[in-house]
Amino acid sequence: MRKITITIIVLILLSILWYFISPVFVKRELNEEMPKIVEVFQNGTRRESLGIISSALFVPNAHEVKGKASLIEDINGQIFLRFENFEIINGNDVRVYLSKDLEKNDAIELGPLKGTHGNFNYKVSSNINL
């Protein structure tokens, strides 16, 4: 009886350990197209270009992270947060927030992390004052 109890406890502990450690071994790569805008000049000619509002490199803080984040406006005026050449070690329930500082007092959640590697976009609600 004692062996069965110990075996059950060990299995439960191994399951819990696997839950917390296994995401580190999971790599999710995603490559979405970059949103584009159409620029109209005074003479009426049009040229397709990227509507980059702001851009910055990720700075490792609590986790090792690489890549660039950009705010981009598309041809319909929709704003996107774009991650480019992004790399991070996976974790449990990693979420993406848009915030003016690291305190997250006024942070807006954009959703779960789409991938651990690659290039991907998050739509930013039009009622958010950037």
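A nonpolar patch, as the term is used here, is made of residues with over 30% relative accessible area and no salt bridge, whose nonpolar side chains are joined within 5 Å. The model described is a predicted one. On its surface, I4, I8, I9, I12, L13 and I16 form such a patch, and together they have about 570 Å² of accessible area. One of these residues, I4, belongs to helix α1, which covers residues 2–21. A residue counts as exposed over 50% relative accessible area; I4, with 51%, is therefore exposed.

**Aromatic rings**

A pair of aromatic rings is described by the distance of the centres and the angle of the planes. The structure contains seven aromatic pairs. One of them joins F83 and F86 in a tilted arrangement, with 4.9 Å from centre to centre and 40 degrees between the planes. Both residues fall under the 20% limit for buried positions: F83 has a relative accessibility of 6%, and F86 has 3%. Ring pairs also link F83 and F86 with F58, F120 and Y122 in a cluster. Over the ring of Y122 sits the charged end of K114, 5.0 Å from the ring centre.

**Salt bridges**

Side chains of opposite charge can pair when their charged atoms come close.

| Salt bridge | N to O distance |
|---|---|
| K114 and E32 | 3.5 Å |
| R82 and E84 | 3.5 Å |
| R95 and E109 | 2.4 Å |

K114 is partly exposed at 34% relative accessible area, and E32 is partly exposed at 26%.

In the salt bridge of E84 with R82, both residues are buried. The partners R95 and E109 meet in a further salt bridge. Because R95 lies in strand β7 (residues 95–98) and E109 in strand β8, their pair ties together parts that are 14 residues apart in sequence. R95 is partly exposed, with a relative accessible area of 32%, and E109 is partly exposed, with 37%. Through salt bridges that share partners, K68, R82 and E84 are joined into one network.

Methods
Residues numbered from 1 in each chain as written. Predicted model: local features only at pLDDT ≥ 70, side-chain atom pairs only at ≥ 80, totals over all residues. Heavy atoms only, no water. Patch = residues over 30% accessible without salt bridge, like charges linked within 9 Å, V, L, I, M, F, W, Y side chains within 5 Å. Areas by Shrake-Rupley, 256 points an atom, 1.4 Å probe, with all protein chains shown as cover. Salt bridge = Lys/Arg side-chain N within 4 Å of Asp/Glu carboxyl O. Helix = DSSP H or I, 4+ residues; strand = E, 2+ residues; numbered from the N terminus. Buried < 20%, exposed > 50% of the residue type's maximum accessible area, 1.4 Å probe, protein only. Phe/Tyr/Trp six-rings, centres within 6.5 Å; stacked < 30°, edge-to-face > 60°. Lys NZ or Arg CZ within 6 Å of the ring centre and 35° of its normal.
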